[in-house]
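Thanks for making time this morning.

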2 protein chains.
Amino acid sequence: MSTRYEIRLAGSGGQGLILAGIILAEAAGIYDGKFVCQTQSYGPEARGGASKTEVVISDEEIDYPKAIQPDVLLAMNQKSLDAYIGGLKPEGLLIVDATLVPEVPLDRFVALPFTEIARELGREMVANIVALGALAALSRAVTPESLGKAVLARVPKGTEELNHKALAAGLAAARP
Amino acid sequence: MSTRYEIRLAGSGGQGLILAGIILAEAAGIYDGKFVCQTQSYGPEARGGASKTEVVISDEEIDYPKAIQPDVLLAMNQKSLDAYIGGLKPEGLLIVDATLVPEVPLDRFVALPFTEIARELGREMVANIVALGALAALSRAVTPESLGKAVLARVPKGTEELNHKALAAGLAAARP
């Protein structure tokens, strides 16, 4: 049975989704020792408000590096949810930022207020890290320990404590 | 005739190649209006000193997002050159950082001292941006104008002037 596991992270350009994808990929690839491919694609839609990055994780070498039918979709705003929900596995996990996504077209999903939690921590820009914490708690993509190491290795110097708190807040929000 | 154009950027973990790949992809995808895929892969080698990122640029939608036979390889150290030179097109463009790559197994390549140029600008860490400037001058991957916009949009606040100088130095080094 295939161990291939596909994650799509979607949001607007300024929400730090590419960095979130790099952190998730390095957590799984470098610290959990899996095979990982991480992809960004740009096309005519690149100037709009929806962008995505994809991370494919496997115990075996990865042939096709893009998500074919994501196991997980994290959508950080309404536009990116609408643009990228297509293809999500029927039993897939949909996680949305409740602060910025008012309308969800499925009846099975997890909504958590990532942006609101980040604001309470003092910096809205860490909503991406809060969301990664929740994703780790809710999926089998990555271990929280590896994710913590990858976050600290990638975030700007001087923001380590803030990002550590953001990750912990995301884990806690998803495991009430 | 296919317009597919494949670029592989390789170096050690700390040399900023992923950021260089993101900048190159956004320059071509957002500012030049091309279809672009940008990929990082991690496997058992991820803990070693060689990492790579790939950017595929096309006028048409991209089916397979990884480099099959790169048109360009930029190698920022010896280990990554040795690890990732395989597959470079016979007529492909090889660019190496002369500061850190003493041995090149081909007889047709461009060597420029990216790290030394970056040191002269005061910050070794901008060697990746110097190299991108040279890559833009030597290849048809991206226009220098779009690359300049993408650099300014992605580098840390407060480093815009340094990075602008780094890009200009790379362009100038490759167009003496």
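What follows is a short account of chain A.

Please keep in mind that this is a predicted model, in which local features need pLDDT of at least 70 and side-chain atom pairs count only at pLDDT 80 or more, while totals for chains, interfaces and linings use all residues. Residues are numbered from 1 along each chain as its sequence is written, and chains are lettered from A and ligands numbered from 1 in the order in which they are written.

Chain A has six helices and six strands, these being DSSP runs numbered from the N terminus, with helices (H or I) of at least four residues and strands (E) of at least two. Read from the N terminus, their order is β-α-β-β-β-α-β-β-α-α-α-α. The C-alpha atoms of chain A occupy a box of roughly 40 × 35 × 35 Å along the principal axes. As for burial, 53% of the 176 residues of chain A count as buried, meaning that 20 or more other C-beta atoms, placed from the backbone, lie within 10 Å of the residue's own.

Let me now turn to strand E3, residues 51-58 of chain A, which is largely enclosed by the rest of the structure because seven of its eight residues are buried. Strand E1 (residues 5-11) of chain A pairs with E3(A) in the antiparallel sense over seven bridges, where pairing requires that DSSP finds at least two bridges between the strands; here Gly11(A) has Ser51(A) as its bridge partner. Strand E2 (residues 35-42) of chain A also pairs with E3(A) in the antiparallel sense, over six bridges, and Cys37(A) stands opposite Val56(A) of E3(A).

Definitions and conventions: A residue is buried if 20 or more other C-beta atoms lie within 10 Å of its own, exposed if 12 or fewer, and partly exposed in between; C-beta atoms are placed from the backbone.
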